[in-house]
Protein chains: 2
Amino acid sequence: MKEIRLAARPTGWPTAANFEIAETEVPKPGDGQVLIRNLFMSVDPYMRGRMNDTKSYVAPFPVGAPLDGGAIGEVVASNVDDLPVGAVVAHGYGWREYAAVDAARVRVVDPAAAPTLSAYLGVLGLTGLTAYVGLLDIAQFREGDTVFVSGAAGAVGSVAGQIARLRGAKRVIGSAGSAEKARHLTEDLGFDVALNYRDAPIRDQLRAAAPDGIDVYFDNVGGDHLEAAIDTLNKFGRVALCGAIAQYNEAAPPAAPRNLALSIGKELNLRGFIVGNHSHRMSDFVAEVGGWLRSGQLSARETVVDGLVNAPEAFLGLLRGENTGKMIVRL
Amino acid sequence: MKEIRLAARPTGWPTAANFEIAETEVPKPGDGQVLIRNLFMSVDPYMRGRMNDTKSYVAPFPVGAPLDGGAIGEVVASNVDDLPVGAVVAHGYGWREYAAVDAARVRVVDPAAAPTLSAYLGVLGLTGLTAYVGLLDIAQFREGDTVFVSGAAGAVGSVAGQIARLRGAKRVIGSAGSAEKARHLTEDLGFDVALNYRDAPIRDQLRAAAPDGIDVYFDNVGGDHLEAAIDTLNKFGRVALCGAIAQYNEAAPPAAPRNLALSIGKELNLRGFIVGNHSHRMSDFVAEVGGWLRSGQLSARETVVDGLVNAPEAFLGLLRGENTGKMIVRL
């Protein structure tokens with residue numbers, strides 16, 4: 001079997017040289033384990049942080065060992081009674097063709113309840129839950145709010161903006177990095193306004209798009225986008241700090257936001273979060289977002305790359321913003 | 001009578017030339033008004049923002065008109081039955097010797113219930129309430145927290161740190177701008193550690209003072225102090241954004257904090273606030289902090305400047321950090 005290992009830690013932007021495609025034995029499942037053949041795996045921006053050797057909320061990837069991350073696979077051998085061969089499961093051992101996993105670390109999913117199996121890595125998985133929790137619990141979205149979402153054509157942002165629309169936002173504004181993505185936001189996803197941040201400074205564009213200000217900002221980008229949002233937020237505005245992809249590959253710390261002191265007079269609330277501490281919301285999320293997905297009120301595009309050996313390139317493309325919606329690797 | 005007017009808006013650090021000492025008629029109280037002779041007035045950092053012609057949470061001071069702000073005075077003429085001559089009142093018309101004020105805009109205070117009348121501008125006034133609300137409601141202080149307070153020798157910070165101590169903080173760390181102020185924090189106010197930020201980078205000092213991290217940061221300074229706090233905050237840390245005196249007089253926006261993205265993984269909560277929207281906490285505050293003040297468990301120093309004509313210099317001194325505790329002008 002093949003697996004992808006971390007060959008060396010990157011400085012700044014990672015390249016293919018940071019990854020190694022290795023051949024290894026298919027593992028044997030031990031007591032209480034199942035052997036899973038992976039069908040899909042996820043590449044996510046947070047993995048960039050794990051390539052560094054710095055203390056963070058998730059342990060760094062060890063050099064020379066396979067990477068890990070969300071994956072969907074099929075049980076092909078089992079030592080567990082209620083996880084028979086043929087079961088489809090979500091788990092955390094991506095970046096490899098096969099994995100032997102403890103039963104407690106897999107979650108059975110229902111292929112019939114999702115448009116595609118890969119949806120369990122995206123709109124119906126932790127990505128979608130991140131959008132749900134960030135908008136509703138962290139940013140305390142309320143009906144009638146004007147909402148700004150950055151990275152809005154990405155996996156999390158595209159769901160966050162649609163939840164805002166479906167929950168009764170007054171206006172949903174999204175930013176993305178190309179005209180094609182901007183078109184996708186307004187034409188396919190129902191955003192009211194889409195800003196291409198490559199066209200003009202995002203602060204100027206946001207001010208023009210939100211003459212009455214914004215109430216909620218869902219931040220996937222950090223830096224100048226966060227500064228623009230702070231500038232435009234109304235009194236008692238709320239920010240969900242979810243990601244900062246603009247700076248993950250920068251050697252120097254960002255020069256923005258430089259207007260954080262506006263938070264005092266505006267009485268803003270900025271909250272960082274990661275989805276891991278909010279799994280109690282999974283059932284609410286699946287009920288609500290799953291319903292919208294089935295009724296067609298919410299849609300989720302995927303960018304699918306074929307082949308495990310292309311997973312590093314899929315990840316690098318994600319960091320460059322080449323995906324629309326969730327970036328998925330099909331094994 | 002004399003009053004102090006805004007002569008011109010400052011750029012960067014204000015000087016005496018931004019103020020004008022004017023002679024004018026003592027006003028006549030109208031229907032429903034009292035005439036107050038001011039005894040004490042407050043100078044506060046937030047007044048610097050009001051000298052700019054920028055939209056903020058309080059209207060700018062108009063050029064050529066008297067400034068205003070917290071004051072304590074004695075009723076010397078009255079058209080209001082329950083505000084007799086001799087009553088002592090708190091109100092918002094400082095920077096002048098006399099003021100004619102609507103009854104609805106004054107609050108009678110009890111001279112016997114405070115160590116000095118001026119305490120109603122400081123530890124028992126909006127300054128103390130700011131500390132109380134910021135620590136308990138905004139930063140959600142909990143017993144056992146390690147707390148860092150910047151500007152800790154100032155009017156708000158000195159009270160915030162003492163409330164933390166009296167409410168059962170594990171450790172209270174304060175920063176100030178001189179060795180004498182640092183000594184005051186530990187010897188007079190019961191802080192566990194005091195950092196003189198002029199001695200070494202505050203980030204290094206804070207890390208050394210809090211090897212197990214901090215749980216709450218009460219920010220009066222902004223900039224490098226806020227960056228140091230974000231660096232040192234523990235998972236689920238909370239920040240009350242109360243002031244940013246380090247940057248009020250700077251023409252360029254601050255280069256810090258540049259590590260705000262750490263808020264994501266640490267799941268930090270940063271909340272800005274101003275005290276005006278928290279007046280419902282006044283009675284809780286007066287009961288608790290007033291009790292500590294009477295029992296001697298909490299103390300509040302004042303820096304008193306004599307004479308209305310010296311109020312501009314008192315304000316400029318405040319911006320330079322020349323005060324310990326509340327800066328007061330005695331008329």
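In what sense do β13(A) and strand β13 (residues 269-272) of chain B pair, and over how many bridges? They pair in the antiparallel sense, over three bridges.

1. Basis. This is a predicted model: local features need pLDDT of at least 70, side-chain atom pairs count only at pLDDT 80 or more, and totals for chains, interfaces and linings use all residues. Residues are numbered from 1 along each chain as its sequence is written, and chains are lettered from A and ligands numbered from 1 in the order in which they are written.

2. Two strands count as paired if DSSP finds at least two bridges between them. Helices (H or I, at least four residues) and strands (E, at least two) are DSSP runs, numbered from the N terminus. N269(A), in turn, stands opposite R271(B).

3. Side chains of β13(A). N269(A) and R271(A) point one way from the strand, and L270(A) and G272(A) point the other way. All four are buried. Buried means 20 or more other C-beta atoms within 10 Å of the residue's own; exposed means 12 or fewer, and partly exposed lies in between, with C-beta atoms placed from the backbone.

4. The other neighbour of β13(A). Strand β12 (residues 233-241) of chain A runs parallel to β13(A), joined by four bridges. Here R238(A) stands opposite N269(A).

5. The whole sheet. Which order do the 12 strands take? The sheet is open, has mixed pairing and reads β10(A)-β9(A)-β8(A)-β11(A)-β12(A)-β13(A)-β13(B)-β12(B)-β11(B)-β8(B)-β9(B)-β10(B). β10 (193-196) of chain A and β10 (193-196) of chain B stand at the edges; each has a single partner strand, so one side of each is left without a neighbour in the sheet. Neighbouring strands are turned by 15° against each other on average, direction ignored. Axes are lines fitted to C-alpha atoms, for helices over the stretch in contact, and angles run from 0 to 180 degrees between N-to-C directions.

6. Inside the chain B part. Strand β8 (residues 146-149) of chain B and strand β9 (residues 171-176) of chain B run parallel, with four bridges between them. V147(B) has V172(B) in β9(B) as its bridge partner.

7. Helix over sheet. In chain A, helix α4 (residues 179-187) lies across β9 (171-176) and β10, at about 170° to β10(A). In chain B, helix α4 (residues 179-187) lies across β9 and β10, at about 170° to β10(B).

8. Helix on helix. The axes of helix α2 (residues 126-138) and helix α8 (residues 282-295) of chain A come within 10 Å and cross at roughly 95°. That makes α2(A) roughly perpendicular to α8(A). The classes are: under 35 degrees roughly parallel, over 145 roughly antiparallel, 65 to 115 roughly perpendicular, the rest oblique. G128(A), L129(A) and Y132(A) in α2(A) meet M282(A), F285(A) and V289(A) in α8(A). By class, this contact has five nonpolar, one polar and no charged residues. Ala, Val, Leu, Ile, Met, Phe, Trp, Tyr, Cys and Pro count as nonpolar, Asp, Glu, Lys and Arg as charged, and the others, Gly among them, as polar.

9. The chain contact. Chain A gives 28 residues and chain B gives 28 residues. Contact means C-beta atoms, placed from the backbone, within 7 Å. On the side of chain A that touches chain B, the elements giving two or more residues are α7 (262-266) and β13. That side has 14 nonpolar, 10 polar and four charged residues.

10. Chain A overall. Chain A has nine helices and 15 strands. With 331 residues, a compact globule would have a radius of gyration near 20 Å; chain A has 20 Å, which agrees. The radius is taken over C-alpha atoms, and the globule rule is 2.2 Å times the number of residues to the power 0.38. Buried residues make up 50% of the 331 residues. Among contacts between residues at least 6 apart in sequence, 67% join residues at least 24 apart.

11. Backbone points to check. Most residues other than glycine have a negative phi. W95(A) has a positive phi, near 65°. W95(A) is in the loop between β5 (88-91) and β6 (98-102) of chain A, and counts as buried with 27 C-beta neighbours inside 10 Å. Q140(B) also has a positive phi, of about 50°, although it is not a glycine. Q140(B) is in the loop between α2 (126-138) and β8 of chain B, and is partly exposed, with 15 other C-beta atoms within 10 Å.

Notes:
Contact = placed C-beta atoms within 7 Å.
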